[in-house]
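Dear colleague,

I am passing on the structure we spoke about, with the sequence and coordinates together.

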2 protein chains.
Amino acid sequence: MKIENPNPIQWQFSERAQGLQSSFIREILKITQRPEIISFAGGLPSPATFPVERMKAAYDKVLSETGKVALQYGPTDGYAPLREWIAHSLSTAGTKILPEQILMVSGSQQALDLIGKVLIDEGSRVLVETPSYLGALQAFSVYRPEFASVATDDDGLVPSSIEGVAKGARLLYSLPNFQNPTGRSLSLARRQELVETCARIKLPLIEDDPYGALSYSGEPMPKMVAMNPDGVIYMGSFSKVLTPGIRLGYVCAPLPLVRRLELAKQAADLHTAQLTQMVVHEVVKDGFLDEHIPTIRTLYGNQCRAMLDAMAEHFPAGVTWTRPEGGMFIWVTLPKQIDAMKLLDTAIAARVAFVPGAPFYANEGETNTLRLSFVTVPPERIREGIAILGKLIAAML
Amino acid sequence: MKIENPNPIQWQFSERAQGLQSSFIREILKITQRPEIISFAGGLPSPATFPVERMKAAYDKVLSETGKVALQYGPTDGYAPLREWIAHSLSTAGTKILPEQILMVSGSQQALDLIGKVLIDEGSRVLVETPSYLGALQAFSVYRPEFASVATDDDGLVPSSIEGVAKGARLLYSLPNFQNPTGRSLSLARRQELVETCARIKLPLIEDDPYGALSYSGEPMPKMVAMNPDGVIYMGSFSKVLTPGIRLGYVCAPLPLVRRLELAKQAADLHTAQLTQMVVHEVVKDGFLDEHIPTIRTLYGNQCRAMLDAMAEHFPAGVTWTRPEGGMFIWVTLPKQIDAMKLLDTAIAARVAFVPGAPFYANEGETNTLRLSFVTVPPERIREGIAILGKLIAAML
């Protein structure tokens, strides 16, 4: 039956597909998954935090009680009770978020793709933090924008620097809480200034918030979406507070935009799995996250402290780093003359891994930066790995 | 905390987003979900076929034995054992399909989006059947191609008509088995001619095959991908043979293309849920589908026969229809003067629903056509609904 085919196709890819590149981090992860390596490279949450039994019980309950509905096609916007729960959780005394503003997505990475699809034309200006989340740069890049980097300092994004680069911009992408990759958070004053600036110049502001709940101490900061629900697009995720492998996130946007995102979602994959949404609703509806999230905070907080203490002890003078109060990452700045990519080569030979910082910049990257994650490594291994890194850095000075 | 915002944003959507429209079918479904309506409009499989207990047992087993892995992030290309199972199931005596050729996706609708993203530039020519699957037209439309319709007759797509419209085309999209919306299938001779023609002119051929396993009698037809694995992109789905609500499908493509699709998938949603893939592998790996699919064929075959018999009895002369040997749909052609959209108005008033055919055409549609689905309606209700439709059609003549 097979035909003779002497001239196979030379595939002609679309212009947008020609620039597609694999995530640099995913490539590093392949190298560093060997068990003998102490890996600070991962961006994965700790499996120790996954409530497996609770999830199992919820799958059993949902399939037993409403299996035929859970396994059928569902609405594109998502499972209504879960959307109501999310809208309620985002609402504040001053700002009511409507369930109609919530679109369920297959992990918040999908929200980035849909936002890019709906808001970015080729050559559109898109503002991002310096540095920014690599997955967002990847998702938006498909739609071929012109990235402009907004200045940041130790307190995160600098709102006063926006207007200088905002002309014609379609959106500003921000990660205000325990940012990936830097671990930095925006102060309340900066949040207000940021929201006000964007509202004044009518610039859509994206608030990507996968880590907001993971504060090690004190109350989580107010969300920017509550300050201006007509101008802020909020992205949330169950990946870091429940489990990532189920792929469930959501976007909360002003009604004209969320309806357009819903249409894009319909064309992209019809809807996110009903069963997943019903199970997550079953798990979260009676307050489970209120008990569960503190256990994640404690685990990550302890490991973060172990890493910060080890860095203070082992890293040579001239190296600086952020001191996150939540989330999953620490950002390290090496003396100018050290290339983090070269350090990675020697580190892997010494069985320690991290992610160099340069790929996180939309434009020119700082080659003397790197990202460390502490969430999947126990404290004694953290100390061991940081001591090795400290020696390698010292040797390069 | 909320700011004053007297001038809300006038959202500026991307050019591609300005044309996004809700699926006409989804709009009709909203109207026709009232229980008093006999709906032949749906494209949903019958929940009576969902193996709920089997799925429940598999979720329990996977979460009990490998919960931490199932709930963690996973590889973009998919769960390796499931990809191996699929590659094996697509391989034939003459053609070996490699697991590396398989990319798991969140329902085969996502494969359409990724294929569009990777192969279609604005203005690219895309060939589709006349009529074609609405979801594919929607997915591709986002990338703003120029559609060209390939002629079809009672035996489906006419291969000899391809070359006349193929100049510069990026792909030909076909649904060779029990096509949605017509229920037509391509003969073996046409499949071979189609594959040979596309290979000769180096035109990528998409074989979308959600219904292929649902043949009421006889063996399923050979797959075109086995005739030319270097030029055919095969799309498969678990939606119609297992359950749709979990959102799991796959694409099998030549290696250079599948790697590019994988990069697009990574940017779009990182990966499809690990848990879902592990559960489906658990369900299918020991041959469950070999027992299960015949029960779906029997149910759908009986209901299809009931509908065809009722149409023969109740539809007036001048109405013609397809006689599917599998799948979920019958396609009806009314006398030229009847507009199916007007018929739908009177039908809904009489509590019967269907989908008018015009939206299924990429270019100008035949307004005297309609699609009937029989899979979710029991035989006595089928007879009742068809009798009503027959009277309404007669009244319009």
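Predicted model: local features only at pLDDT ≥ 70, side-chain atom pairs only at ≥ 80, totals over all residues.

Residues are numbered from 1 along each chain as its sequence is written, chains are lettered from A and ligands numbered from 1 in the order in which they are written, and side-chain values use heavy atoms, with hydrogens and water left out.

In chain A, the domain assignment (bounds from an automatic or database assignment) gives domain 1 as 15-51 + 290-396 and domain 2 as 74-286. The C-alpha centres of these two domains of chain A are 24 Å apart, and their contact (heavy atoms within 4.5 Å) takes 36 residues from domain 1 and 33 residues from domain 2.

Between the chains, helix α3 (residues 52-70) of chain A packs against helix α3 (residues 52-70) of chain B at an angle of about 175°, with the axes 10 Å apart. Helices here are DSSP runs of H or I with at least four residues, and strands are runs of E with at least two, both numbered from the N terminus. The angle makes α3(A) roughly antiparallel to α3(B), a term used for angles over 145 degrees. Among the residues making the contact are A:Met55, A:Tyr59 and A:Leu63 of α3(A), and B:Met55, B:Tyr59 and B:Leu63 of α3(B).

Helix α4 (residues 80-90) of chain B has as its buried residues (under 20% relative accessible area, with a 1.4 Å probe and protein chains only) B:Leu82, B:Arg83, B:Ile86, B:Ala87 and B:Leu90. Seen down the axis of α4(B), these residues fall within an arc of 135°, so they line one face of the helix; the arc is that of the directions from the helix axis to the C-beta atoms. What covers them includes the strand β9 (232-237) and the helices α9 (255-269) and α10 (274-284) of chain B.

Which residues does B:Leu289 contact, leaving aside its neighbours within four places in sequence? They are B:Trp85, B:Val241, B:Leu242, B:Val284 and B:Pro294. B:Leu289 lies in helix α11 (residues 288-314) of chain B and counts as buried at 11% relative accessibility, and its C-alpha atom is separated by 7.5 Å from that of B:Val241, 48 residues apart along the chain.

Note on methods. Buried < 20%, exposed > 50% of the residue type's maximum accessible area, 1.4 Å probe, protein only. Axes fitted to C-alpha atoms, helices over the stretch in contact; angles between N-to-C directions. Parallel < 35°, antiparallel > 145°, perpendicular 65-115°, else oblique.
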